[in-house]
Amino acid sequence: MESCIINTPLGYTKISGDNNGINAITVLNTEEQETDIIPGILQDCVYQLQEYFEGKRQNFSLKLNPQGTNFQKTVWDALAEIPYGKTTSYLKLSRELGDEKAIRAVANANGKNPIWIVIPCHRVIGSDGSLTGYAGGLHRKKWLLEHESPYKQQTLF
């Protein structure tokens, strides 16, 4: 398993993976030492994340290998289908997965998503449009949604 730490606009981020794919992209809440030499297996992931943050990438083309239960993987696959710049609710997502009553399980699986941004759990909001829980912190969720929004805030001056 290879790993590296990069600095992003939302903080230091750890990326882990091997020949089977990327298994984790995690935003860290501490200041870390950036990796000097990115392992070859992770270079494309680093490059695509940089493009995303620069506003040059809306879709990722990475081999992913997240570790979780079959149910979690089903939820993560559904998350990956949420288009850039769009949101859905936990309720709608649970309905799409076939069981409206599974909303808490869907939310729990969403919160355990190990591949930050690429599997876009930040695009899931409350049914009332509220920014509900986010493992990376609500300030990051808000930033990501604004970053992806087609409606950019104009300045008055």
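Strand E2 (11-18) is mostly covered, six of its eight residues being buried, where buried denotes a relative accessible area under 20%, exposed one over 50% and partly exposed anything in between (1.4 Å probe, protein chains only). Helices (H or I, at least four residues) and strands (E, at least two) are taken as DSSP runs and numbered from the N terminus. The model is a predicted one, in which local features need pLDDT of at least 70 and side-chain atom pairs count only at pLDDT 80 or more, whereas totals for chains, interfaces and linings use all residues. Residues are numbered from 1 along each chain as its sequence is written, and side-chain values use heavy atoms, with hydrogens and water left out.

E2 pairs with strands on the basis of DSSP bridges, at least two being needed between two strands. With E1 the pairing is antiparallel and runs over seven bridges, with Cys4 standing opposite Ile15 in E2, and the two strands form a hairpin with two residues between them. With E3 the pairing is again in the antiparallel sense, over six bridges; here Asp18 stands opposite Gly21 in E3, and the hairpin that joins E2 to E3 passes through two residues.

Helix H1 (residues 40-53) contains 14 residues and reaches 21 Å from its first C-alpha to its last, close to the 20 Å expected at 1.5 Å a residue, the expected span being 1.5 Å times one less than the number of residues. Its buried residues are Leu42, Cys45, Val46, Gln48, Leu49, Glu51, Tyr52 and Phe53. What covers them includes strands E1 (2-8), E2 (11-18) and E3 (21-27) together with helix H5 (138-148), contact being defined by heavy atoms within 4.5 Å. Just after H1, Gly55 adopts a positive phi of about 80°.

Tyr52 is buried, with a relative accessible area of 1%. Phe53 and Trp116 form another tilted pair, at 6.3 Å centre to centre and 45° between the planes. This pair links distant parts of the chain, with Phe53 in H1 and Trp116, 63 residues apart from it, in the loop between helix H4 (103-111) and strand E5 (124-125). Phe53 is buried at a relative accessible area of 12%, and Trp116 likewise counts as buried, at 5%. Tyr52, Phe53, Phe60, Tyr84, Trp116 and Trp143 form one aromatic cluster.

In the UniProt record, an unreviewed entry, the annotation "domain: Methylguanine DNA methyltransferase ribonuclease-like" covers residues 6-65; such positions are given in the numbering used here, feature names are shortened, and annotations may be inferred rather than shown by experiment. Over residues 6-65 the chain is 23% helix and 30% strand, with the end C-alpha atoms 20 Å apart.

Key
Phe/Tyr/Trp six-rings, centres within 6.5 Å; stacked < 30°, edge-to-face > 60°.
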